[in-house]
Amino acid sequence: MSASGTAATGAPAARGRRELAYAVLLCLAGAGLACWAVTRTWSVEVTTRGSLPPGRPGRTGAELLPWVSALAWVGLAGGGALLATGGRLRRVLGTLLAGIGLAVALGGGIGLAESGVSRHWPALVLAGGLALAAGGAFAALRGGGWPAMGARYERRASSSAAPGGAERPAVERGARDAWDALDRGEDPTVS
């Protein structure tokens, strides 16, 4: 086989791995940014306490909109789950992550619309939600053909012949048989 034929076959797999990495990183970065920004102090309320100095209790975005924090954590877990899934399940997960990202972005938008709330933390939640939604949408559109995480560790059809057609040595067959027994749940040390 020529070098150009080998490069042509390897290119789609490499492109798929690269696209998977981009989608996962986009989802993780967006969800991570939203998780971090929602825990920052969004508003400070000054309360008078008579002769004492005024109190300044701060409220985080998670206190104001607790569902945003929960969705951002789900998005973070889902971004990691993109690695472990494959095919149709990855596309469904991508669609779900896109919806979660839009909901997180909506929470950032609600925070921006509130009066008395600083603008930069909700804006970062909005940006993180949009990044999560973009990564999820990318996975939903293109993720069906990306390689699965454990595909190279999947068990192939068993044969006693070596790749060249020659019989495998007895030592290799014995070790292989012991591993096969373990796969079946048998203890090879018990006679």
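Which residue's side chain meets Arg 15 in a salt bridge? I looked in the model, which is predicted. The partner is Glu 19, at 3.6 Å from N to O.

**Entry 1: the pair in helix 1.** I checked where Arg 15 and Glu 19 sit. Both lie in helix 1 (residues 3-38), 4 residues apart, about one turn of the helix. Arg 15 is partly exposed, at 42% relative accessibility. Glu 19 has a relative accessible area of 12%, so it is buried, the cut-off being under 20%.

**Entry 2: a second partner.** I noted Arg 142 as partly exposed, at 38% relative accessibility.

**Entry 3: the remaining bridge.** I counted 3 salt bridges. Arg 184 forms one with Glu 186, with the closest N and O atoms 3.3 Å apart. Shared partners join Arg 15, Glu 19 and Arg 142 into one network.

**Entry 4: helix packing.** I turned to helix 4 (residues 87-113) and helix 5 (residues 120-142). They pack at about 165 degrees, with axes 7 Å apart. The two helices are therefore roughly antiparallel. Their crossing is left-handed.

**Entry 5: the surface.** I found a nonpolar patch of about 260 Å², made by Trp 67, Leu 106 and Ile 110. Trp 67 lies in helix 3 (residues 66-84).

**Entry 6: the whole protein.** I listed 6 helices and 4 strands. Buried residues make up 29% of the 191 residues.

Note on methods:
Residues numbered from 1 in each chain as written. Predicted model: local features only at pLDDT ≥ 70, side-chain atom pairs only at ≥ 80, totals over all residues. Heavy atoms only, no water. Patch = residues over 30% accessible without salt bridge, like charges linked within 9 Å, V, L, I, M, F, W, Y side chains within 5 Å. Areas by Shrake-Rupley, 256 points an atom, 1.4 Å probe, with all protein chains shown as cover. Salt bridge = Lys/Arg side-chain N within 4 Å of Asp/Glu carboxyl O. Axes fitted to C-alpha atoms, helices over the stretch in contact; angles between N-to-C directions. Parallel < 35°, antiparallel > 145°, perpendicular 65-115°, else oblique. Left-handed = near helix turned anticlockwise from the far one by under 90°. Buried < 20%, exposed > 50% of the residue type's maximum accessible area, 1.4 Å probe, protein only.
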